[in-house]
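Here are my notes on this one, in the order I'd go through them at the screen. Have the model open while you read.

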Amino acid sequence: MKNIRVIKTGINVSKIQAQLEKYPEDWGSQKGVKNAEVKDPHQYITSVDVLQLVMGGIEKPGQQVGDTEICIKTPAYKNHSAVRKVVRKYFPEIRRCGFLALPVDEIVGAHIDEGTYYLNKDRYHLSIQGQYQYFVGKESVIVDPGTLLWFNNKIPHGTVNLGDVTRITFVFDVPQ
């Protein structure tokens with residue numbers, strides 16, 4: 001496959017899961033983010049929950065976060081050292097990163113990560129919990145916990161939770 005590459009499978013993610021369970025209050029940074037295109041004020045962009053460790057920032061009002069190199073550690077960063085330790089085995093430096101939780105039977109529709117920030121970054125997933133199908137363009141792969149994969153986030157990509165538990169994955173960017 002050209003747009004999805006499995007780097008490693010069978011990675012032990014139990015310490016990462018233990019820290020996620022220890023700090024449940026770190027979740028929720030995207031709850032209540034409304035979709036501006038939807039007229040119903042009770043509808044939201046997605047049911048995905050986010051736990052950001054390093055988030056993007058802006059320099060001035062109106063600037064798009066995808067068009068800056070600003071990376072800000074969140075207060076949750078210090079609580080989740082286990083995932084950083086695992087990822088450092090494969091990459092000496094990561095930039096923006098966080099956990100995404102996708103409920104059972106939910107999908108994240110095809111989208112492209114846009115902005116100048118993404119032009120010189122590669123995007124990876126480390127699957128923590130649940131099984132999901134990940135698709136990039138016309139390619140797809142079934143992902144199980146403990147799988148590290150790269151994908152081309154510059155073309156349409158998305159996911160479907162195939163499991164019977166919330167899918168949790170750690171998404172992170174690596175400078176090229």
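1. First, the burial cut-offs: I call a residue buried under 20% relative accessible area, exposed over 50% and partly exposed in between, with a 1.4 Å probe and protein chains only. Keep in mind that this is a predicted model, where local features need pLDDT of at least 70, side-chain atom pairs count only at pLDDT 80 or more, and totals for chains, interfaces and linings use all residues. Numbering runs from 1 along each chain as its sequence is written, and side-chain values use heavy atoms, with hydrogens and water left out.

2. Now the aromatics. Rings of Phe, Tyr and Trp (its six-membered ring) pair if their centres lie within 6.5 Å; planes under 30 degrees apart are stacked, over 60 edge-to-face, and the rest tilted. There are 9 such pairs in the structure. One of them is F99 with F170: the centres are 4.9 Å apart and the planes at 55°, so this pair counts as tilted. Because F99 lies in strand β4 and F170 in strand β11 (residues 167–175), the pair ties together parts 71 residues apart in sequence. F99 and F170 are both buried. They also belong to one aromatic cluster, together with W27, F91, Y124 and F172.

3. Two arginines to look at. A charge sits over a ring if NZ of Lys or CZ of Arg is within 6 Å of the ring centre and within 35 degrees of the ring normal. R96 has its charged end over the ring of Y117, 3.7 Å from the centre, and R167 lies over the face of Y132, at 4.7 Å from the ring centre.

4. On to the sheet. Strands are DSSP runs of E, at least two residues, and helices runs of H or I, at least four, numbered from the N terminus; two strands pair if DSSP finds at least two bridges between them. Strand β2 (residues 49–56) has 6 of its 8 residues buried. It pairs antiparallel with β4 (residues 97–102) over 5 bridges, where Q52 stands opposite G98. β2 also runs antiparallel to β3 (residues 71–73), with 3 bridges; there M55 has I72 as its bridge partner.

5. Last, which residues line the second largest pocket? They are N12, K15, A82, K85, V86 and K89. Helix α2 (residues 81–88) gives the most to this lining, with 3 residues.

Terms used
1 Å grid on protein atoms, 1.4 Å probe; cavity = no way out; pocket = protein on both sides within 12 Å on 5 of 7 lines; lining within 4 Å.
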